[in-house]
Amino acid sequence: MNQIKIIADSTCDLTEEQIAKYDITILPLNIVLDMDSFYDKEEITPEELFQWAQEHHKTPKTAAPGIEKAIQVFRPFAEQKMDIIFIGISEAMSTTCNVVRLVKEELEYERIFVIDSGSLSSGIGLQILKAARLREQGLSAEAIAEQILQAREHVRASFVVDTMEYLAMGGRCSSVKALLATTLKIHPMIGVNNGRMGVERKYRGNMNKAIRNYAEDLREELLQAEPETVFITHSPCDPGMVASVRAFLEELNYFQEIVESSAGGVICSHCGPGTLGVLFYHQSNL
């Protein structure tokens, strides 16, 4: 049986510790600031991204990896004749998976398994962790890919956005709606369904209140979740707010592992600072 290599794109929002522990290789997406392009999480930080957005009154663009960079990442493992499993951001949001399929053709290497996560951020990360644990159990690349394709349907990925300014600057809502939301202190809950982001709920009040209500609204789903891992993923936001969500999850006395991770350039570009999400598998029979 060939050795199995797992590759993820940079939107997976795993922690550095998880990437090292499970020997995950990261393919970076591009963050585009006008004419300049930077590798996500390698050449630009969320703080730099937000500073640029405020100075230019528009959001950065995000783009799939270039074919040359992708080949550079995949070639060493193909040359070692390793089975390669790639799990990438939803194809409804990015062409990244297609880029990897082109890599497969360019390298003329059939042992690359491309999986559309149907998700983003730690919703991908959950699938990466499951693949890594299945690899440890000795499953083949084919068997792992089959299980991930089944498991991806059970990922629950959602975020609450502090400000709609970034959604407006990116053309995802009107500036009038963003201004009205700011005036009325409305914080949308953005959920990922069928591979796409959309508003599921709206919370009124300050962000701390919105996050408390968001967590409470998830309580029933959380208590029916796969108990191994739950993520708290956020763009830079109030540490006290993150701590309160962690305390809520700990009080459930349900999850074996509560992971705090930082959102990368994709979530930061689309949703802005102060965004926080709780991500998990929503059925316990996985």
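Trainee: Is Glu108 buried or exposed?

Mentor: This is a predicted model. Glu108 sits in the loop between α4 (96-107) and β7 (112-116). Its relative accessibility is 71%. Exposed means over 50%, so Glu108 counts as exposed.

Trainee: Which residues form the negative surface patch?

Mentor: Glu108 is one of them. Residues in a patch have over 30% relative accessible area and no salt bridge. The negative patch is formed by Glu105, Glu106, Glu108 and Glu110.

Trainee: What radius of gyration does the protein have?

Mentor: The protein has 286 residues. A compact globule with 286 residues would have a radius of gyration near 19 Å. The protein agrees with that, at 19 Å.

Trainee: What share of the residues counts as buried?

Mentor: Buried means under 20% relative accessible area. Of the 286 residues, the share that counts as buried is 54%.

Trainee: Where is Asp34, and what is its phi?

Mentor: Asp34 lies in the loop between β3 (30-33) and β4 (36-39). Most residues other than glycine have a negative phi. Asp34 has a positive value, near 55 degrees.

Trainee: Which side chain meets Lys41 in a salt bridge?

Mentor: Side chains of opposite charge can pair when their charged atoms come close. Here the N to O distance is 2.8 Å. The pair links distant parts of the chain, with Lys41 in the loop between β4 and α2 and its partner in the loop between β1 (4-9) and α1 (16-21). That partner is Asp13.

Trainee: Is Asp13 buried or exposed?

Mentor: Lys41 is partly exposed, with a relative accessible area of 39%. For Asp13 the value is 1%. Buried means under 20%, so Asp13 is buried.

Trainee: How many residues apart are Arg111 and Asp83?

Mentor: Their side chains meet in a salt bridge (2.9 Å, N to O). Arg111 is in the loop between α4 and β7, and Asp83 is in strand β6 (residues 83-88). The pair links distant parts of the chain, 28 residues apart.

Trainee: Which residues do salt bridges with shared partners join into one network?

Mentor: The whole structure has 14 salt bridges. Those that share partners make one network of Asp83, Arg111 and Glu142.

Note on methods: Residues are numbered from 1 along each chain as its sequence is written. This is a predicted model: local features need pLDDT of at least 70, side-chain atom pairs count only at pLDDT 80 or more; totals for chains, interfaces and linings use all residues. Side-chain values use heavy atoms; hydrogens and water are left out. Patches are made of residues with over 30% relative accessible area and no salt bridge: like charges are joined within 9 Å, nonpolar side chains (Val, Leu, Ile, Met, Phe, Trp, Tyr) within 5 Å. Accessible areas come from the Shrake-Rupley method with a 1.4 Å probe; for residues, only the protein chains shown count as cover. A salt bridge is a side-chain nitrogen of Lys or Arg within 4 Å of a carboxyl oxygen of Asp or Glu. Lys and Arg count as positive and Asp and Glu as negative; His and the chain ends are not counted. The place of a charge is taken as NZ of Lys, CZ of Arg, CG of Asp or CD of Glu. Helices (H or I, at least four residues) and strands (E, at least two) are DSSP runs, numbered from the N terminus. Buried means under 20% relative accessible area, exposed over 50%, partly exposed in between (1.4 Å probe, protein chains only). The radius of gyration is taken over C-alpha atoms; the globule rule is 2.2 Å times the number of residues to the power 0.38.
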